[in-house]
Structure formats: structure tokens, C-alpha cells
Amino acid sequence: MKAFEKNIRKVEPYVPGEQPQRKVIKLNTNENPYPPAPGVTQAIQNLSVDRLRLYPDPTSKVLVDALAEYYGVGPDQVFVGVGSDDVLSMCFLTFFNSEKKILFPDITYSFYKVWADLYRIPYECQKLDENFHLVKEDYYKENGGVIFPNPNAPTAIYEDLDFVEDIIAHNQDVIVIVDEAYIDFAGRSAIELIDKYENLIVVQTFSKARSMAGMRIGYAISNPKLIKYLNDAKYSFNSYTMNQTSLAYGVEAVKDKAYFEETVGKIVETREWAKEEFRKLGFEFPDSKANFIFVTHPKYDAREIFEALKANDIFVRFWGSERIEQYLRVTIGTREEMEVLFDFLRKYFAEK
Ligand code: PMP
């Protein structure tokens, strides 16, 4: 080994779901099957290429203002970034600087471990119970910070706001991050609690309910003090995270509340129907409040189903990791895409 190797920051990176370059039924990365709001198409046509000569506004004012208005908070309570991955990574860097361990669930968004390793943050995973629920008492112990998604991924389980508040209330000496990537498909958001708890940051994204995973927009809502700390870290890292186009398209997506509600409504309706179809086929799953369902079959092997689906151009997500070896995560697509999935599964099981 060369001497310089010792100085290199080595990390085991996060592995994102596959993005096949040909047309498949893509139910593997929780994207929205519907297009972004019509205003976004308009904005794409209206954006002058000459704008690209200039650096974007480092404060991302138009987008911050649009989000502040949408949530009824001050612009100094909103931080935007390149997808919620960027926002969460900045949060880890900014808020998790204790010698004490940060806490997050054992089965959760696998990026948390990667950021903790990257930034040398000590962590301890807390085991979900046998039904994949968070155990709130596990988060009462001394720690260097807490993060969990609600709904959790990949389980799709939503914990109600009293439950979330209990964890925040028991951790007022550290920062608690609630990752709400899927909240629009679920229920009440912890944004309701930001005036009550100074230690709370809520992170959301345009990638799921707003159909803009390709644009990379995420945001955090908190109090002005914590948002300032985040901005200070951002300006010490990269001033121009948000490009000209994401600012313009993002504003249009936030403006169209009716379209957003209609799209979310359609996905929730398809999800509820898909639960019935999965049940009829003998699958079991925790009740989903997200845009995906985490399914297991008592008779058929998850990896085999995954491979068979893939061979037929139907992509779902499979990890094969501890405690979830027999589970598949299936994103809710359009009704038509889901019909193809269920037709395939019916045939596959009949021939087994
Ligand atoms: N949090 C959770 C729980 C997620 O599942 C995802 C999607 N992979 C993200 C955050 C990041 O999403 P994005 O960067 O597209 O906003």
C-alpha cells in the first residue's frame, strides 16, 4: 500500500437504485409516475438560455420565498438544496458534531450510515420492533442527535405526530431531524411543531409528490437560528448549489397546489387498490402510508421474485440485507403499470 493511501478519506458509498436506460416498468426508486405540474413545462419553454451565462442567485430567493409562502413561515425558516440528499448531508455536517453517538433506526434510509461514516460521526442504530415500528423509548438515551424518516423507508410505516413529538421532546439538548420525503402521501407533518421545539428540523423533497426527482430539489424547514447555521455551512462548501433551472421550475411546482393534490390523490388511490391486489396474491406487508409498499411472501423467495420481475422488465427494489432478506419494495406506479405487475405475478405464481 502506498503511504499516501493512509491519508485518503475512504468511504463505502451509498448505492442508489438502478436507472435502466431503456423503457421498463420502473417501480424501484419511488419516483412519481405522473409528470410535474403543467407550469413547469411552461417555465422550461420560457427560460432564456442567456440566463445560463450568469451564476444563479446564491440565496435561491425565488424558491425560498415560494416555499415560505406555501408553508406560512418566514423566508429565514427555509433552506434549499440539491435534493433532500444534499440538505440531509448538510444537516449531518452542521448539526451532528458531538462525540456522542447519533441515533437512527436499524432499518431505514441507508444513506444515514454513509454520511455518518463520511463525516466521522459516531452512530448507533436502534432496532425497529418485530412489526418494523420505531420504539420511541430507544431514543430517550443520551445521544449526539437523532434522525429518522416519517414515513420510514423502506417500511412505509407512518408514525403519528404525537409519537414524533415525544421523540423530539425527549431530545431537547440535541438536534432532531425528521426526514419527511414521503409525508405528502401520509398524514400530518412535523412542520406543525417547529415553533414549539427549537431543536427540530424537518426535511422534505420535490422528488416524490412533486414529480421532480430529476431536477434535484429538497428543503429544510426550521427556526431562523438553525437555518442560519445550515446556510453558513453551505456557503463554506458551495455557494451555488441550486442552478438557474431548478429555481425557476421549482417555483412553478410549488405554485400549483391543485395539481399536486390531484397527483397525490391518484397515487394514494392506486396504493390502496394495490394493497388489495397484493393481499389477494398472498403477500404480507406493513400498512403503507407512502408511495411504495414493502412486501414479503410467506411461500416465494423475494430474490427469485425480484429476478423474475427484472427479467421481464419490471424493476422493483431488493436489498437482501439483514432482517429484510425476504422483502421487496414496490413503488406505486400508474394503475396500468401496476396491472402489468400483478398480471405477471399471477402468472408467475400459477406456474411455480
Ligand atoms: N430520504 C428518504 C427517506 C428517501 O427515501 C430519499 C430518496 N432516496 C431521500 C431522502 C432523498 O431524496 P431526494 O434527494 O431525491 O430528495
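**Note on the predicted model**

1. Helix H6. Buried positions in H6 are Leu 226, Ile 227, Leu 230, Asn 231, Ala 233 and Lys 234. Viewed down the H6 axis, the buried residues fall within an arc of 160 degrees, so they line one face of the helix. The model is predicted. H6 covers residues 224-235, twelve residues in total. From first C-alpha to last, H6 reaches 16 Å, close to the 16 Å expected at 1.5 Å a residue.

2. Helix H10. This helix runs over residues 335-351 and has 17 residues. At 1.5 Å a residue, H10 should span 24 Å; the end C-alpha atoms are 24 Å apart, which agrees. Its buried set is Met 338, Leu 341, Phe 342, Phe 344, Leu 345, Tyr 348 and Phe 349. Down the H10 axis, these buried residues fall within an arc of 160 degrees, so they line one face of the helix. On the other side of H10, Glu 336, Lys 347, Ala 350 and Glu 351 are exposed.

3. Ligand shell. The ligand is surrounded by 13 residues. The closest are Ser 84, Asp 179, Tyr 182, Thr 205 and Ser 207. By type, the shell splits into five nonpolar, four polar and four charged residues. Helix H3 (residues 83-95) supplies the largest share of the shell, four residues.

4. A polar side-chain atom of Ser 207 sits 2.6 Å from an oxygen atom of the ligand. For Asp 179, a polar side-chain atom is 2.7 Å from a ligand nitrogen atom. Asp 85 takes part through its backbone: a polar atom there is 3.0 Å from an oxygen atom of the ligand. On its own, the ligand has 400 Å² of accessible area, and the protein covers 92% of that.

5. Cis peptide bonds. Another joins Ala 153 and Pro 154, with omega about 5 degrees. Pro 151 lies in the loop between strand E5 (145-149) and helix H5 (161-169). Pro 154 is also in the loop between E5 and H5.

6. Positive phi at Asn 30. Asn 30 is not a glycine, yet its phi is positive, about 55 degrees. Its place is the loop between strand E1 (25-26) and helix H1 (38-46). Asn 30 is buried, at 1% relative accessible area.

7. Positive phi at Phe 132. Phe 132, again not a glycine, has a positive phi of about 70 degrees. The residue is in the loop between strand E4 (123-126) and E5. Phe 132 is buried, with a relative accessible area of 7%.

How values were computed: Residues are numbered from 1 along each chain as its sequence is written. This is a predicted model: local features need pLDDT of at least 70, side-chain atom pairs count only at pLDDT 80 or more; totals for chains, interfaces and linings use all residues. Side-chain values use heavy atoms; hydrogens and water are left out. A residue is near a molecule or strand if one of its heavy atoms lies within 4 Å of it. A polar contact is a pair of N or O atoms within 3.5 Å; within protein, one must be able to donate a hydrogen and the other to accept it, and residues adjacent in sequence count only if both atoms are side-chain atoms. Accessible areas come from the Shrake-Rupley method with a 1.4 Å probe; for residues, only the protein chains shown count as cover. Helices (H or I, at least four residues) and strands (E, at least two) are DSSP runs, numbered from the N terminus. Ala, Val, Leu, Ile, Met, Phe, Trp, Tyr, Cys and Pro count as nonpolar, Asp, Glu, Lys and Arg as charged, and the others, Gly among them, as polar. The expected span of a helix is 1.5 Å times one less than its number of residues. Buried means under 20% relative accessible area, exposed over 50%, partly exposed in between (1.4 Å probe, protein chains only). The arc is that of the directions from the helix axis to the C-beta atoms.
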